Amino acid sequence: AINHLEIARNLLAGKSHSEDSPNAFAVELLRAECEFLAGHLDLAEGQLSELSRRCPNVQAGAEVTRLRSHLHTTRAQLEEAVEVCLEFLRQVGINWTAHPSREEVDRERRALRELASDVSRDGLRRLPKMTNLDHLATMAVLADLVVPSFLTDRNLSDIMLLTAARLTLLHGACAEACYPLACIYGVLAVDAKDADLGLRLSEFG
């Protein structure tokens, strides 16, 4: 696969395609993924780092971010995996540090509680599908943040799960939300008045 992608890269270059053209970017991204899967981690990391500076849109940025996060997680570089996800999330208006305060977590909990207070199990099942591509890309990055955030900072893990649930209620249900929703009961059940909400959301996930 890597050899074929190199041929494709050369053909595109021979046809005067800009390296930022959609086809050239797609070939470079797929090649970086193949290098990663082949175990060429240093090479893949360099390619992904370069691609991260050339992403043409939010969806491409999410794809690059997810591969970079997977690569760092594979290397047990959990802080780095977290940071590349946070870097992407800042671009879509979600501004977290790697170690948010408990006050920030509680603020997100209250926002979710207010939004979901009257949403029944049937109401959750009737949620529309999430269709906005930028929202879907954001949810995919949040889902990939579940493991590294849980292993590095409890507050970050909690605020991420709460935000994923809130975005689901705001923008619709999607497959990318399943993992965060399935994990949210442990966050909400620490407060007795949120336990039922946590159960509803985790069952829905």
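How do the residues lining the second largest pocket divide into nonpolar, polar and charged? I looked this up in a predicted model.

**Entry 1: the pocket**

I took the lining by class. It has six nonpolar, five polar and two charged residues. I then noted the volume: the second largest pocket holds about 160 Å³ of space. Its lining comprises 13 residues. Ser 52, Cys 55, Gly 61, Phe 88 and Gln 91 lie nearest the centre.

The largest share comes from α4, with five residues.

**Entry 2: α2 against α3**

I turned to a helix pair. Helix α2 covers residues 22–37, and helix α3 covers residues 41–51. I read a packing angle of about 155° between them. Their axes are 8 Å apart. Angles over 145 degrees count as roughly antiparallel, so I logged α2 and α3 as roughly antiparallel to each other. The crossing of α2 past α3 is left-handed.

I listed the residues that make the contact. From α2 they are Phe 25, Glu 28, Leu 29, Arg 31, Ala 32, Glu 35 and Phe 36. From α3 they are Leu 41, Leu 43, Ala 44, Gln 47, Leu 48 and Leu 51.

What classes make up this contact of α2 with α3? I find nine nonpolar residues, one polar and three charged. Gln 47 of α3 is among the contact residues, and it falls in the polar class. Glu 28, Arg 31 and Glu 35 of α2 also take part; Glu and Arg count as charged.

How values were computed: Residues numbered from 1 in each chain as written. Predicted model: local features only at pLDDT ≥ 70, side-chain atom pairs only at ≥ 80, totals over all residues. Heavy atoms only, no water. Axes fitted to C-alpha atoms, helices over the stretch in contact; angles between N-to-C directions. Helix = DSSP H or I, 4+ residues; strand = E, 2+ residues; numbered from the N terminus. Parallel < 35°, antiparallel > 145°, perpendicular 65-115°, else oblique. Left-handed = near helix turned anticlockwise from the far one by under 90°. Contact = heavy atoms within 4.5 Å. 1 Å grid on protein atoms, 1.4 Å probe; cavity = no way out; pocket = protein on both sides within 12 Å on 5 of 7 lines; lining within 4 Å. Points joined across faces, edges and corners; volume = space filled by probe spheres on them.
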